[in-house]
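Here is a short report for a reader new to this structure. Take a look at the model, then read on.

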Amino acid sequence: MTEQWHHRSGSERRDTAISPIIGVLTLLVLTVCLAAVVAVGVGAWSVASPGPTATFDLVADGSASTISIEHLAGDPIDVDELSVTIAVDGRELADQPPVPFVGASGFDGTPAGPFNAESDSEWTSGERAGLSLATTNRPALSSGDSVTVTLAVDGRQIATLETTAT
């Protein structure tokens, strides 16, 4: 029986030694990439603080062209962060109330309660806010019209109120 000796060259030994290193480096790169994706995902995921919750009552008087909103219960509302959008028969008013305000285009006189810039900026339970539409604001408010008022704080809607003007 003849024995055959296989002689490996130096380059063959290096090839077999490189294979485990490439495997370890590949796993390391994949782990780093996965950790980066998870870090970005967790960083982008944030728990938004919920907006205030409150209950309101809406009254619209078509003959006087006034709108009144009473804060019935719930969290105080920071009027400086509040936006009010009014629609009559499904059409938004040309001039929306820039609450709080004193004398604004599309509105007569000064608003009542927390919508008035001279009052406390916190609208609390039991307080009534009101405003009077100018005859130049369109669409005009008349008795029998459907009135919708949307209240939002920091861009988050907190209430949509609907009534029929008396």
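## Terms and overview

Two strands pair if DSSP finds at least two bridges between them. Strands are DSSP runs of E with at least two residues, numbered from the N terminus. The model is predicted.

The protein has 1 helix and 10 strands. From the N terminus, the order of elements is α-β-β-β-β-β-β-β-β-β-β. Of its 166 residues, 31% count as buried. The accessible surface is about 10,400 Å², and carbon and sulfur atoms account for 57% of it. Take the contacts between residues at least 6 apart in sequence: 55% of them join residues at least 24 apart.

Strand 1 and strand 2 form a hairpin with 4 residues between the strands. One of the residues to look at here is S65, which takes a positive phi near 55 degrees. The two strands pair in the antiparallel sense, over 8 bridges. Strand 2 covers residues 66-74, and its T66 is the bridge partner of D61.

In a regular strand the side chains alternate between the two faces of the sheet.

## Aromatic pairs

A search of the whole structure finds 3 aromatic pairs. Among them is F101 with F107, a tilted pair: 5.5 Å centre to centre, with 50 degrees between the planes. Both residues, F101 and F107, are buried.

F115 and W123 also pair, edge-to-face, at 5.3 Å centre to centre and 70 degrees between the planes. F115 and W123 are both buried. Together with F56, they form one aromatic cluster.

Methods: Residues are numbered from 1 along each chain as its sequence is written. This is a predicted model: local features need pLDDT of at least 70, side-chain atom pairs count only at pLDDT 80 or more; totals for chains, interfaces and linings use all residues. Side-chain values use heavy atoms; hydrogens and water are left out. Buried means under 20% relative accessible area, exposed over 50%, partly exposed in between (1.4 Å probe, protein chains only). Contact means heavy atoms within 4.5 Å. Accessible areas come from the Shrake-Rupley method with a 1.4 Å probe; for residues, only the protein chains shown count as cover. Rings of Phe, Tyr and Trp (its six-membered ring) pair if their centres lie within 6.5 Å; planes under 30 degrees apart count as stacked, over 60 as edge-to-face and the rest as tilted.
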